[in-house]
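Here is a short report on strand pairing. Please keep the model open while you read.

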Amino acid sequence: MLLQIHEPGQTPDPHEQDRGIAVGIDLGTTNSVVALAREGKPEVLRDARGEAIVPSLAAYLPGEEDPIVGVMARRVFLDEPEAVVSSVKRLMGRGVEDLKALGGALPYTLAADQPGGMVRLAVGGRVLTPVEVSADILRAMKARAEIATGRRVDRAVITVPAYFDDAARTATRDAARLAGLEVLRLVNEPTAAALAYGLDQGAEGLYAVYDLGGGTFDVSILRLQKGVFQVLATGGDAALGGDDFDHAIADHFLAGRSDIGSAAAQQALATARLAKECLTTQDAGSWWIDVGAERIACALDRPTLEQLIRPLVQRTLEIAQSVIADARLELDEIKGVVLVGGSTRVPLVRRSVEALFGRPPLSDIDPDLVVAMGAALQAEALTVGSDTLLLDVLPLSLGIETMGGLVEKVVERNTPIPVARAQEFTTFQDGQTAMAIHVVQGERETVDGNRSLARFVLSGIPPMVAGAARIAVTFAVDADGLLTVSAREATTGVAAETVVKPSYGLDPDQMAAMLRDSLEHAREDMQRRLLIESRVEAQRVLNALMAALAADRALLSAAEAAVLEAAAAQVTVALGGSDRDRITLAVEDLERASATFAQRRMDAAFNAALSGRRLDAVAETLGAAAPSGIRDPAASPAAPA
Ligand code: ADP
Ligand code: MG
């Protein structure tokens with residue numbers, strides 16, 4: 001999402017002239033583009049041949065020091081595919097485990113040793129991380145910008161998919177740093193596209209950004225109100241794009257043949273891509289593919305192409321509809337649609353988007369250049385000064401684990417960032433001096449349905465009765481979407497903090513699946529949450545009673561104590577089952593049965609207070625519903641049941 005805000009203190013740097021210039025870079029999975037804005041007018045930076053698009057490919061030839069990036073790397077690929085890295089953006093912030101989870105054949109050879117779980121690629125006789133490969137691509141973009149402008153380029157706004165998580169954003173920043181670029185800001189791709197169209201200058205209302213690139217699909221819904229944009233929802237599919245069109249066409253070309261080697265398969269894909277791009281403006285054409293000594297003729301016309309790719313286009317429309325539903329909106333509320341990504345040039349895609357939204361989409365700006373142009377505008381705004389700055393939204397909710405494996409959301413998804421939110425938590429056991437803080441991301445009510453981001457321990461809490469400690473847990477998400485979580489105990493000021501460090505990435509598919517799951521399981525989750533909550537509450541009441549009996553049994557007759565113990569036993573029995581009403585009733589009975597005991601303890605405490613004893617311990621034991629409890633890290637993590 002983007003918000004327009006005025007950021008005080010963002011005045012132009014008086015030494016601006018001494019410094020290099022700031023550009024906008026669309027670091028794409030398939031293609032990358034660099035642009036520069038001057039006085040609010042963005043312009044893409046081209047090479048000597050007038051080409052703006054740089055294929056995101058890096059070739060590492062054995063014995064050559066410098067990699068070959070871009071269109072020349074595509075040539076290398078035909079002869080030496082194993083020396084070329086493609087689609088490295090998919091690996092940003094990913095661990096080895098993530099790759100294994102993707103399964104199937106990867107277009108990469110992983111280096112044998114994988115210390116720290118970070119992916120490393122064996123290519124052209126060296127071992128490289130995705131960050132290093134991205135840095136090589138960024139270095140090429142920087143060099144192109146320096147040649148085109150004749151100025152030093154040292155800062156950039158770089159765009160990332162709205163779905164990029166902390167790990168992937170950090171990896172992108174690291175790559176830029178390696179390439180000698182200071183990152184002014186990471187901006188979400190749809191946000192940049194909206195800015196390039198100057199939608200902020202246009203009519204108020206809702207806009208959709210439909211981005212179909214080489215390997216990914218993203219859709220975002222933005223709201224423009226009083227000159228301010230807000231992203232209401234984002235969604236997409238990380239494995240759906242123009243490459244899938246190419247595969248469908250290549251399969252069609254090679255239909256019924258099982259004698260295809262990998263070189264021929266590569267050639268078929270390249271031919272399919274060529275055919276697809278030709279048929280954007282032509283009605284029909286013919287090409288050929290060499291299989292060994294044989295030459296296969298391939299003819300394709302537009303109706304056949306459309307038949308081949310229709311299911312894929314249909315899927316993007318379904319995703320777009322579900323994102324709109326997710327934002328609780330109706331299609332006819334959308335005022336305008338922005339097309340982004342090279343694959344939106346395909347006529348069937350345009351027609352389908354137009355039919356879905358019932359209006360022609362905005363497509364005046366080249367769909368593969370629009371993101372870089374928006375990034376360039378943002379770079380200018382951040383350096384030369386402007387009243388408008390962009391903010392983004394959190395793609396998934398952030399929260400922490402509480403007793404019983406429940407999740408307490410601290411920052412809801414789609415909250416504009418940067419944001420800081422604090423919430424109070426408390427201890428679950430008497431005398432608990434440490435608290436295990438488990439930070440999770442996702443929409444489900446229980447921890448197992450969410451993604452674990454980080455764990456840390458707050459220790460040094462002074463011993464108090466359960467529920468008495470007040471621990472403020474603060475979540476701060478910066479403008480790049482990086483999260484810092486801190487916990488602070490109120491009376492002593494003891495504090496602990498963690499920055500969520502990338503150890504593994506979240507696949508956008510997984511993210512979409514998590515959102516879908518949370519909708520599908522909402523009812524069932526709520527039932528489960530209520531059951532767990534009643535169990536946690538029952539356990540708390542039992543613990544408090546046991547502590548009270550241990551301290552003040554003398555205030556009860558033997559018969560009274562027996563009644564209380566029987567009521568407590570009923571609660572224990574109810575806890576053995578999963579009937580929430582039964583648990584609640586047993587707890588109510590127990591509380592009724594212990595009312596007299598509580599009153600006597602109160603009276604005794606008053607008397608003691610008169611003789612100098614403190615009251616608060618007793619008052620706390622009797623206190624009303626406390627903030628959610630968090631377990632002691634030393635205690636067993638099992639739910640009380
Ligand atoms: P990404 O954002 O994924 O890096 P792009 O937005 O540049 O990539 O989109 C690349 C995709 O666009 C490729 O699949 C390419 O084949 C497709 N594409 C580019 N030009 C055309 C065209 N004229 N007709 C059809 N598809 C095109
Ligand atoms: Mg793109």
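In this predicted model, V160 stands opposite N188 in β11. Six bridges join β10 to strand β11 (residues 182-188), and the two run parallel. Two strands pair if DSSP finds at least two bridges between them. Strands (E, at least two residues) and helices (H or I, at least four) are DSSP runs, numbered from the N terminus.

β10 also pairs with β1 (residues 21-27): six bridges join them, again parallel. There, D26 stands opposite T159 in β10.

How many residues of β10 (residues 153-160) are buried? Eight of its eight are, and the strand is mostly covered. Buried means under 20% relative accessible area with a 1.4 Å probe, protein chains only; exposed means over 50%, and partly exposed lies in between.

β10, helix α4 (residues 166-178) and β11 make a right-handed β-α-β unit. Right-handed means that, with the strands pointing away from the viewer, the path from the first strand over the helix to the second runs clockwise.

An open sheet of four strands has the order β20-β19-β23-β24, with antiparallel pairing. Its edge strands, β20 (406-411) and β24 (451-459), each pair on one side only. In β23, L398 has Q441 as its bridge partner.

| Strand pair | Bridges | Direction |
|---|---|---|
| β1 and β10 | six bridges | parallel |
| β10 and β11 | six bridges | parallel |
| β19 and β23 | three bridges | antiparallel |

Residues are numbered from 1 along each chain as its sequence is written, and chains are lettered from A and ligands numbered from 1 in the order in which they are written. Local features need pLDDT of at least 70, side-chain atom pairs count only at pLDDT 80 or more, and totals for chains, interfaces and linings use all residues; side-chain values use heavy atoms, leaving out hydrogens and water.
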